[in-house]
Amino acid sequence: YGFFSVLFVAQAICAVEPDAVVLATCTEVCSVHINKHSKDRSEILGNIIFGDGATSAILSAGKKGDWQMSPIRMVTAPPSTRDYVSVKLTDQGYLLYLSKFLAPCLHTAVKPMWRDMLKDSLGVKDSHDCDWAVHPGGKAVINVFHSEDLDMNLSKDNLEPSWESLRHHGNLAAPSILLVVKACLERTAQTEKDKVFVIGFGPGMVIKYYGLTRKE
């Protein structure tokens with residue numbers, strides 16, 4: 001969710017400097033986390049699904065037809081979830097750890113509040129009033145948003161930008177979400193929607209989200 005922090009700063013710059021044009025860039029070299037000696041399932045998973053990458057976005061006051069960001073919001077899970085996503089320094093280097101409880105925790109957090117998130121960021125409450133850009137943190141993470149008991153009714157096609165990013169690039173950590181956002185924006189002509197809901201998560205455990213709306 002590091003790119004959300006970068007975008008937060010870029011938004012703040014644009015708010016105080018109306019003529020500003022800000023290049024926001026995020027790079028992750030996840031290969032430094034690889035530990036070939038690990039026998040722990042959660043550590044091995046961290047080695048397998050992550051990749052190296054970088055993405056960038058340009059932010060400004062914009063003009064009619066551009067995409068306008070809502071304020072970035074943050075939801076913090078209980079302290080007991082702190083180790084569900086973690087990076088620790090060890091004698092073998094940085095160790096990336098993904099707990100098997102990560103997806104269930106995300107499910108528990110999102111279930112009671114996703115409608116409020118949509119209303120807060122986009123002014124809508126139905127999951128089909130917008131396109132979805134979900135952080136491609138792994139199959140279990142994306143599948144949370146397909147869960148029947150969440151009543152989102154999102155199909156594989158609805159989340160295809162997230163699935164496609166995971167298939168082709170793996171989880172690039174912080175830069176990943178912008179690949180999904182780019183794919184969502186490129187297919188709005190097909191989906192005929194002018195709103196995109198963006199959600200990601202990271203160590204803490206913390207959930208961050210914002211909305212994109214076509215500027216009139």
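## Stop 1: helix α1

Start at helix α1 and select F3, F4, L7, A10, Q11 and C14, which are buried in this predicted model. Now look down the helix axis. The buried residues of α1 fall within an arc of 120 degrees, so they line one face of the helix.

Helix α1 runs over residues 2-16, which makes 15 residues. At 1.5 Å a residue they should span 21 Å, and the end C-alpha atoms are 22 Å apart, which agrees.

## Stop 2: the whole chain

Zoom out and colour by secondary structure. The chain has 8 helices and 9 strands. Its C-alpha atoms fill a box of roughly 55 × 40 × 35 Å along the principal axes. A compact globule of 216 residues would have a radius of gyration near 17 Å; the chain has 17 Å, which agrees.

How much of the chain counts as buried? Of the 216 residues, 50% do. Take the contacts between residues at least 6 apart in sequence: 71% of them join residues at least 24 apart.

Then colour by pLDDT. The chain mean is 89, and 95% of residues reach 70 or more. Confidence is lowest in helix α2 (residues 41-49), with a mean of 68. It is highest in β7, at 98. Where pLDDT is low, the predicted coordinates should not be read in detail.

## Stop 3: the aromatic cluster

Select W114, W132, F145, F197 and Y209 and show their side chains. Together these residues form one aromatic cluster. Across the model, the count comes to 6 aromatic pairs. One of them is W132 with F197, an edge-to-face pair. Their ring centres are 5.1 Å apart, with 70 degrees between the planes. This pair links distant parts of the chain: W132 sits in strand β7 (residues 131-134) and F197 in strand β8 (residues 195-202), 65 residues apart. Are W132 and F197 buried or exposed? Both are buried.

## Stop 4: S121

Move to helix α4 (residues 114-122) and select S121. S121 is buried, with a relative accessible area of 9%. Which residues does S121 touch, not counting those up to four places away in sequence? They are S70, F197, Y209, Y210 and G211.

## Stop 5

Go to the loop between α5 (139-144) and α6 (160-169), where L150 is placed. L150 has 1% relative accessibility and counts as buried, because the cut-off is under 20%. Leaving aside neighbours within four places in sequence, L150 is in contact with H107, V110, K111, W114, R115 and V144. For a distance check, pick H135: L150 and H135 are 15 residues apart in sequence and 17 Å apart in space, C-alpha to C-alpha.

Step on to D151, also in the loop between α5 and α6. Look at its backbone. Phi of D151 is near 60 degrees, a positive value in a residue other than glycine. D151 is partly exposed, with a relative accessible area of 45%.

## Stop 6: A173

Select A173 in the loop between α6 and α7. A173 is not a glycine, yet it has a positive phi of about 65 degrees. Its relative accessible area is 15%, and A173 is buried.

## Stop 7: T188

Finish at helix α8 (residues 188-191), where T188 is found. T188 counts as buried at 7% relative accessibility. Show the residues around T188. Apart from neighbours within four places in sequence, its contacts are W67, D131, K193, V196 and R214.

Notes
Residues numbered from 1 in each chain as written. Predicted model: local features only at pLDDT ≥ 70, side-chain atom pairs only at ≥ 80, totals over all residues. Heavy atoms only, no water. Phe/Tyr/Trp six-rings, centres within 6.5 Å; stacked < 30°, edge-to-face > 60°. Helix = DSSP H or I, 4+ residues; strand = E, 2+ residues; numbered from the N terminus. Buried < 20%, exposed > 50% of the residue type's maximum accessible area, 1.4 Å probe, protein only. pLDDT = per-residue confidence, 0-100. Expected span 1.5 Å × (residues − 1). Arc of directions from axis to C-beta. Rg over C-alpha atoms; globule rule 2.2 N^0.38 Å. Contact = heavy atoms within 4.5 Å.
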